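This report describes ring pairs, charges over rings and helix packing. The sequence and the structure are shown first.

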Amino acid sequence: MKKLTALLLALALCVSLSVPALAAGTSFSDVPAGHWAYNAIHAAAGKGIISGYSDGTFRPTRPLTNAQFAVMLARAFFPEESEALRIQTESKPWYWANLQALYNHRILAGTALDAVSKWHSAAAQDISRYD
């Protein structure tokens, strides 16, 4: 009886640990299991910090834009606020709500995105080392 209980507990533990990975359900066609950042990319995807592109790719070799980096920051640190703002700013570009959340917390001060008036022009630019 003790062996059966131990086996069931071990099985339950294994299932509970694999649920987050299965729930994420994210796989990127251009990030194979042998990729050096595979675990980090899938962990971030599982937490909702990244989502990749609509074609199922992640494009890990492409430069990161100001908007992409800002969206990751907002999703990591202000997910509820970003989601609430997304609902309010549906007519704005895809990154707008996340930038607004960071702007509200003064995270963008001193960066290429430090003023709302710069968001359209600076969002698509590759992020600099300074930013």
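Is Ile 87 buried or exposed? Ile 87 counts as exposed, at 52% relative accessibility; here buried means under 20% relative accessible area, exposed over 50%, and partly exposed in between, for a 1.4 Å probe and protein chains only.

## Basis of the model

The model is predicted, so local features need pLDDT of at least 70 and side-chain atom pairs count only at pLDDT 80 or more, whereas totals for chains, interfaces and linings use all residues. Residues are numbered from 1 along each chain as its sequence is written, and side-chain values use heavy atoms, with hydrogens and water left out.

## Aromatic pairs

Two rings of Phe, Tyr or Trp (its six-membered ring) pair if their centres lie within 6.5 Å; planes under 30 degrees apart count as stacked, over 60 as edge-to-face and the rest as tilted. By this rule there are five aromatic pairs. One of them joins Trp 94 and Tyr 95 edge-to-face, at 5.5 Å centre to centre and with 85° between the planes. Trp 94 is exposed, at 57% relative accessibility, and Tyr 95 is buried, at 7%.

Trp 96 and Trp 119 also form an edge-to-face pair, because their planes stand at 75°, with the ring centres 4.8 Å apart. Trp 96 belongs to helix H5 (residues 96-104) and Trp 119 to helix H6 (residues 119-122), so this pair ties together parts that are 23 residues apart in sequence. Helices here are DSSP runs (H or I, at least four residues), numbered from the N terminus. Ring pairs link Trp 94, Tyr 95, Trp 96, Tyr 103 and Trp 119 into a cluster.

## Charges over rings

A charge sits over a ring if NZ of Lys or CZ of Arg is within 6 Å of the ring centre and within 35 degrees of the ring normal. The charged end of Lys 92 sits over the ring of Trp 96, 4.8 Å from its centre. Likewise, the charged end of Arg 59 is placed over the ring of Tyr 53, 3.7 Å from its centre.

## Packing of H4 and H5

Helix H4 (residues 79-88) packs with H5 at an angle of about 125°, and their axes are 8 Å apart. Axes are lines fitted to C-alpha atoms, for helices over the stretch in contact, and angles run from 0 to 180 degrees between N-to-C directions. This makes H4 oblique to H5, a class left over once angles under 35 degrees count as roughly parallel, over 145 as roughly antiparallel and 65 to 115 as roughly perpendicular.

Glu 81, Ser 82, Leu 85 and Arg 86 in H4 meet Ala 97, Asn 98, Gln 100, Ala 101 and Asn 104 in H5, where contact means heavy atoms within 4.5 Å. Ile 87 also lies in H4; the C-alpha atoms of Ile 87 and Ala 97 are separated by 8.3 Å, at 10 residues apart along the chain.

Gln 100, in helix H5, is buried, with a relative accessible area of 19%. Not counting residues up to four places away in sequence, Gln 100 touches Leu 85 and Trp 119.

Val 116 is found in the loop between H5 and H6 and is partly exposed, with a relative accessible area of 30%. Leaving aside neighbours within four places in sequence, Val 116 is in contact with Trp 96 and Tyr 103. The C-alpha atoms of Val 116 and Gln 100, 16 residues apart along the chain, are 8.3 Å from each other.

Definitions and conventions
Helices (H or I, at least four residues) and strands (E, at least two) are DSSP runs, numbered from the N terminus.
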